[in-house]
Amino acid sequence: RRSPKGRFSTQSTKTRPTKRFVEKMDSLTGFMNNTKTSLAGYYKPMFRAGSATPLWHMMIATSIMMYTASYVGVKGAKVQAHRLEQKTALAEYYEKHGHSGHH
């Protein structure tokens with residue numbers, strides 16, 4: 001009877017994760033090259049024609065990246081802390097004054 005494929009592998013356990021990492025990086029590199037080629041094919045004619053569209057796209061992409069980095073790095077924790085403070089204060093208020101559906 002034959003053993004299941006890969007059950008008794010001759011590779012050490014240290015080389016398998018490294019091999020997987022290298023395979024993932026090759027896949028990522030291929031994806032990046034494909035994306036670069038696609039974007040170059042899309043934007044090159046626009047640059048040559050003097051279109052403002054690539055400029056607008058770069059400005060929008062930069063704004064999205066900066067907002068995301070700012071939110072993740074600084075604002076996210078502050079916003080969550082502020083929301084928790086408001087939720088706690090509102091719960092205390094309702095406990096003290098009661099909660100009605102109307103003003």
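Helix α2 carries a kink of about 60 degrees, centred on Lys75, in what is a predicted model. The end-to-end distance of this helix tells a related story: α2 spans residues 53–97 and has 45 residues, yet its end C-alpha atoms are only 57 Å apart, short of the 66 Å that a straight helix would reach at 1.5 Å a residue. Just after α2, Gly98 takes a positive phi of about 85 degrees.

The chain as a whole has 2 helices and 0 strands, and buried residues account for 4% of its 103 residues. Its accessible surface comes to about 10000 Å², and 62% of that surface belongs to carbon and sulfur atoms.

The other helix, α1, comprises residues 15–49 and includes Met25. Met25 belongs to a nonpolar patch on the surface, formed together with Phe21, Val22, Leu28, Phe31 and Met32, and these residues have about 600 Å² of accessible area together. Met25 counts as partly exposed because its relative accessibility is 35%, a value that falls between the 20% and 50% limits of that class.

Tyr42 itself is partly exposed, since its relative accessible area is 44%.

Methods. Residues numbered from 1 in each chain as written. Predicted model: local features only at pLDDT ≥ 70, side-chain atom pairs only at ≥ 80, totals over all residues. Heavy atoms only, no water. Buried < 20%, exposed > 50% of the residue type's maximum accessible area, 1.4 Å probe, protein only. Patch = residues over 30% accessible without salt bridge, like charges linked within 9 Å, V, L, I, M, F, W, Y side chains within 5 Å. Areas by Shrake-Rupley, 256 points an atom, 1.4 Å probe, with all protein chains shown as cover. Salt bridge = Lys/Arg side-chain N within 4 Å of Asp/Glu carboxyl O. Helix = DSSP H or I, 4+ residues; strand = E, 2+ residues; numbered from the N terminus. Expected span 1.5 Å × (residues − 1). Bend = angle between axes of the 7 residues up to and from the residue.
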